[in-house]
Amino acid sequence: MMAVAAARALSGRQRVFVGIGLPSTAANLARRTHAPDLVLVYESGTLGSKPDRLPASIGDGILAETADAVISVPEVFNYWLQPGRIDIGFLGAAQLDRFGNINTTVVGDYTAPKVRLPGAGGAPEIAASCREVYVVVRQSRRSFVERVDFVTSFGHGTGRGDRERLGLRGAGPTLVITDLGVFRPDAGTAELVLTDLHEGVSLDDVRAATGWDLKVAPDLGRTRPPTADELAALRALKEASK
């Protein structure tokens, strides 16, 4: 459901900065179904990759073999990401707070953490410079927290206007997709609001998995279940990757 919901959010000739895992699955699913002209950009320097299976890593040879162009990593960041030429950046999170700030650095105090996480990589620049950011994360009170322990990737700070004050180019997180539902920032406050529930999920389920007083859209919707075509394309991608 997470992969399908993320894929549906992509369209046309959007340039998408793709990470391995669910973001890659979603982007390749979209390209195989309703968005064949989607331009996939991987951090390793491949532009316009068209893999016929899910890549194992950003260094998977199939990304270079099927790309329109292969450039250096500095070029990806200096000439594509930082100037704002990427439409959508996908990010994951260990912790996400109500304003879409992301932590992938440490859980607990930075000087004596309970858990040390993989770190930033290119995520802070993706969060700063992509025109929009989509976050895909499994939801629980451990991941959906009142305030992240460390801001690895800036979302909306403490509310609307913080990104502009810092001079950040992109709009920040405009869509958060979890295994329970879909969230979007409020137009006035930038606080994440639940806008759609996935099939079989109740509002109580989402509240129980959220570490803050959750705001809910007055016209709360339901995510459409995956179609037969979406499931067939998703299964074909996964089967080809074995």
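Okay, quick definition before anything else: when I say strand, I mean a DSSP run of E with at least two residues, and strands are numbered from the N terminus. And keep in mind that this is a predicted model.

With that in hand, let's start at A190. This residue sits in the loop that links β12, residues 181–185, to β13, residues 192–197. What is the phi of A190? It's positive, about 70°, even though A190 is not a glycine. And is A190 buried or exposed? The cut-off for buried is under 20% relative accessible area, and A190 comes in at 0%, so it counts as buried.

How many of the 11 residues of α2 are buried? Nine of them are, so the helix is largely enclosed by the rest of the structure. If you want to click through them, the buried ones are P23, S24, T25, A26, A27, N28, L29, A30 and R31. What do they pack against? You'll find α1 (2–8), β1, β2 (39–42), β5 (88–91) and α8 around them.

Let me take the α8 side of that. A bit of background: a pair of packed helices is described by the angle between the two axes and by the distance between those axes. Here, α2 covers residues 22–32 and α8 covers residues 228–240, and their axes come within 10 Å and cross at roughly 120°. Angles of 65 to 115 degrees count as roughly perpendicular and those over 145 as roughly antiparallel, and α2 and α8 are therefore oblique to each other. The crossing of α2 past α8 is right-handed. Which residues meet there? From α2 you have T25, N28, L29 and R32, and from α8 you have E230, A233, L234, A236 and L237. By type, the residues in this contact split into five nonpolar, two polar and two charged.

Now zoom in on N28, which belongs to helix α2. With 1% relative accessibility, N28 counts as buried. Skipping residues up to four places away in sequence, N28 touches L40, Y42, P51, L54, P55 and L237. Two of those deserve a second look. N28 and L40 are 12 residues apart along the chain, with 8.2 Å between their C-alpha atoms. And with Y42, the side chain of N28 forms a polar contact of 3.2 Å.

V16 is located in β1, residues 15–18. Its relative accessible area is 0%, so V16 is buried. What does V16 touch, if we don't count residues up to four places away in sequence? The answer is L10, L38, V39, L40, V41, I86, I88 and F90. As for D52, that residue is 36 positions from V16 in sequence and 17 Å from it in space, going C-alpha to C-alpha.

Last stop, the stretch around β8. T104 is in the loop between β7 (102–103) and β8. At a relative accessible area of 15%, T104 is buried. Leaving out neighbours within four places in sequence, T104 is in contact with G92, A93, A94, L117, P118, G119, A120 and T152.

Then there's D109, in strand β8 itself, residues 106–109. Where does D109 fall on the accessibility scale? At 46%, so D109 counts as partly exposed. Its side chain makes a polar contact of 2.2 Å with the side chain of T111.

Conventions:
Residues numbered from 1 in each chain as written. Predicted model: local features only at pLDDT ≥ 70, side-chain atom pairs only at ≥ 80, totals over all residues. Heavy atoms only, no water. Helix = DSSP H or I, 4+ residues; strand = E, 2+ residues; numbered from the N terminus. Buried < 20%, exposed > 50% of the residue type's maximum accessible area, 1.4 Å probe, protein only. Polar contact = N/O pair within 3.5 Å; in protein donor to acceptor, adjacent residues only side chain to side chain. Axes fitted to C-alpha atoms, helices over the stretch in contact; angles between N-to-C directions. Parallel < 35°, antiparallel > 145°, perpendicular 65-115°, else oblique. Left-handed = near helix turned anticlockwise from the far one by under 90°. Contact = heavy atoms within 4.5 Å. Nonpolar A, V, L, I, M, F, W, Y, C, P; charged D, E, K, R; others polar.
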